[in-house]
Amino acid sequence: MSAEATNPASPGAVTSSPKLAASLEQDGPPSPRRRTRPRIDLRRLGRAAFLGSATRDRLPDAIGHVVEAHRAHHPDADLEPLRRAYVLAESSHRGQMRKSGEPYITHPLAVTLILAELGAETTTLTASLLHDTVEDTDVTLDQVGEEFGAEVRYIVDGVTKLEKVDYGTAAEPETFRKMLVATGNDVRVMSIKLADRLHNMRTLGVMRPEKQERIAKVTRDVLIPLAERLGVQALKTELEDLVFAILHPEEYQHTRELIVDNASRADDPLAEIADEVRAVLRDSGIQAEVLIRPRHFVSLHRASRKRGRLRGSDFGRVLVLVNEDADCYGVLGELHTCMTPVVSEFKDFIAVPKFNLYQSLHTAVARADGQVAEVLIRTHQMHKAAEAGVIALGNPYAPPSEEQSGSDRARTDPDGERIDPTRPGWLSRLLDWQEAAPDPDTFWSTLREDLAQDREITVFRADGGSLGLPEGASCVDAAYAQYGEDAHACIGARVNGRLATLSTVLRDGDTVQLLMGQDPASEPSREWLEHARTPVARIAIQRWLAAHPTHDDPLQGPESSGDPAEAEAARAAVDARPAQDGSDASPAAATAVVDQPGATVRLAGCCTPVPPDEVTGFAVRGGVVTVHRVECSGVAHMKSTGRAEVGVHWGDTTEARVTLVAESFGRPHLLADLTEAIALEGVAIVSATVEPPTQQRVRHTYTLQLSDAAHLPALMRAMRNVPGVYDVSRAQHHVAVP
């Protein structure tokens with residue numbers, strides 16, 4: 001059996017003080033039809049009705065709380081399946097007891113009540129009542145299917161398989177993978193699992209401390225991140241608090257004392273700010289419900305570590321609920337006009353929803369006494385989705401009804417098909433990359449890494465779309481998020497209009513344009529794995545590398561292109577390095593005339609001046625005058641040492657020798673394409689070097705002989721037009737000047 005015994009000292013029962021109890025209450029999603037209905041405490045399940053009537057003419061008394069909660073969200077729901085499911089579950093579990101001594105049926109009833117409070121539809125509640133019958137009783141899946149239909153059978157089967165997963169055992173990654181696939185096909189499976197774990201965590205007190213700790217760690221590492229990604233904040237926050245109490249009892253007790261102390265304050269700054277907000281909105285004519293949303297234990301603990309001494313307004317947030325999306329921005333405008341906004345705290349998750357369906361406006365307002373209150377602004381429907389996530393989306397197989405909001409009815413893809421509401425962005429991506437994972441162990445390790453990423457950023461594509469990525473993601477991740485395996489051909493990016501390497505870490509709000517190579521043979525680099533943070537990127541790269549085990553890294557220099565002739569040419573080019581003494585050892589083709597009779601003239605190799613560059617000269621050893629471009633760094637060095645300049649002007653010769661530096665993103669055959677472009681311009685290559693790549697960038701240095709210096713701009717344009725080359729410039733070497 002999966003359920004554990006009750007724990008009378010759960011984190012929920014802090015005090016009997018009405019003020020404190022109100023401050024600790026978790027705000028539930030308001031019912032669209034009965035918003036004033038008080039929320040049933042999810043920690044309480046009345047046992048008095050347990051042995052109530054179960055005749056066919058009436059609903060059993062034991063499911064009265066479930067029915068009441070369900071009707072608040074679905075007033076027209078058919079309750080007959082719930083009655084039959086309870087009768088089967090109660091008779092099947094009869095005689096079974098929890099470790100606390102309670103009848104076992106109290107566990108599926110509690111799990112179902114949790115889901116009913118969050119707005120789950122009838123099929124989910126039916127499966128929830130039956131979720132342990134196949135595992136713990138003689139009831140079979142076929143019997144469930146015959147009695148309740150294929151949907152309920154599928155969900156019960158999925159939950160039963162989840163019960164067999166040991167999340168902390170390395171031998172179970174394939175089972176966990178299958179479980180997530182089942183979840184992806186119907187998230188109601190995971191919804192029941194999360195509610196099941198919540199009730200078990202609430203009732204963990206009689207377990208041995210070491211087992212409590214093991215279960216809490218698994219909940220922390222796997223199930224809480226899953227709840228976050230599915231948007232079920234009501235379950236996620238309570239699970240966090242329960243885990244916090246078990247794994248960090250001293251910090252939990254300290255946080256609890258902070259809450260108690262704050263509840264005993266004579267004044268309540270948060271309530272005063274909420275009253276000010278109500279007055280502002282009342283005067284502006286905006287209909288809104290203004291609530292105080294207390295922080296849960298973990299949230300308050302994080303705030304205390306970040307801010308140090310807490311003020312009264314830090315113990316909660318002001319929540320403003322309105323009817324329409326446009327009203328959210330109306331509220332924001334009024335608050336920012338009539339109160340003092342903290343502009344740095346503003347975030348718009350309505351225009352750009354988070355990956356887990358969350359939508360809200362976040363801002364903060366300050367008072368003259370220094371109290372600052374965070375304000376959340378959302379519609380009632382957004383609040384329901386924020387609390388219940390995918391659970392609030394209803395039956396994924398039912399078409400949208402006329403009562404649904406326009407935004408719900410309009411949730412379609414570009415082809416006009418309704419987007420599956422059970423697949424928020426993260427879950428859709430999971431279903432994609434789990435298929436590409438080369439083996440279960442890779443899938444498991446990658447998933448654990450992904451679940452550890454608890455913050456997400458939004459970056460914008462050049463076409464106006466957006467990508468949701470984990471914090472710390474790079475351009476590599478953006479490429480695979482946008483193009484899938486076609487991102488193998490990506491050669492670079494522009495971030496906010498500036499050229500950037502694929503290793504560039506992105507920030508929230510960046511605009512990213514991915515530069516795709518034209519060469520169909522473009523390939524990913526093993527180095528990309530060092531910069532990939534998302535499963536879709538890591539698995540795609542690993543899959544390609546596994547399929548090409550003998551292929552060298554295309555960014556380890558031009559020899560890796562696979563072309564023997566090009567590799568030999570590259571080796572020859574590298575061997576033909578120019579002199580490193582600051583001057584070109586070869587005679588200059590262009591004629592520079594210096595104002596020093598009898599002097600030997602050499603064009604400096606550090607800047608390779610050509611007509612019509614503005615130049616200057618300096619006398620060095622042996623009666624030689626080196627000629628530099630006036631902007632060369634060597635000129636400044638010469639002047640700083642007190643050397644006198646020598647006048648220089650160009651003669652009549654139009655030939656010139658110049659050194660150009662080409663910056664490019666690594667790809668196969670790049671050296672061949674560059675040398676071909678240079679040759680097509682009628683320019684001779686005197687020497688070339690290709691430096692080892694760094695962060696997907698490759699630097700090529702060419703010393704070239706031009707028949708006419710005036711042709712230099714056209715040559716540089718031709719080199720820049722080679723795919724993968726993002727800049728070509730005149731050499732500016734920093735060399736020691738004799």
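**Close-up views of helix pairs and a sheet**

**View 1. Helix H5 passes helix H8 in a right-handed crossing (the near helix is turned clockwise from the far one by less than a right angle).** This is a predicted model, where local features need pLDDT of at least 70, side-chain atom pairs count only at pLDDT 80 or more, and totals for chains, interfaces and linings use all residues. Residues are numbered from 1 along each chain as its sequence is written, and side-chain values use heavy atoms, without hydrogens and water. H5 (residues 122-129) and H8 (residues 150-163) pack at about 50°, with axes 9 Å apart. Axes are lines fitted to C-alpha atoms, for helices over the stretch in contact, and angles run from 0 to 180 degrees between N-to-C directions. Thr123, Thr126 and Ala127 of H5 touch Glu151, Val152, Ile155 and Val156 of H8 (contact: heavy atoms within 4.5 Å).

**View 2. Helices H10 and H12 make a left-handed crossing.** The axes of H10 (residues 188-202) and H12 (residues 233-247) come within 10 Å and cross at roughly 35°. In H10, the contact includes Leu194 and Leu198; in H12, Leu239 and Leu242 are among the residues met.

**View 3. An open sheet of 5 strands runs in the order E8-E7-E11-E9-E10, with mixed pairing (two strands pair if DSSP finds at least two bridges between them).** Helices (H or I, at least four residues) and strands (E, at least two) are DSSP runs, numbered from the N terminus. At the edges, E8 (466-470) and E10 (498-500) each pair on one side only. E7 (residues 456-461) runs antiparallel to E8, joined by 5 bridges; Phe460 has Ser466 of E8 as its bridge partner.
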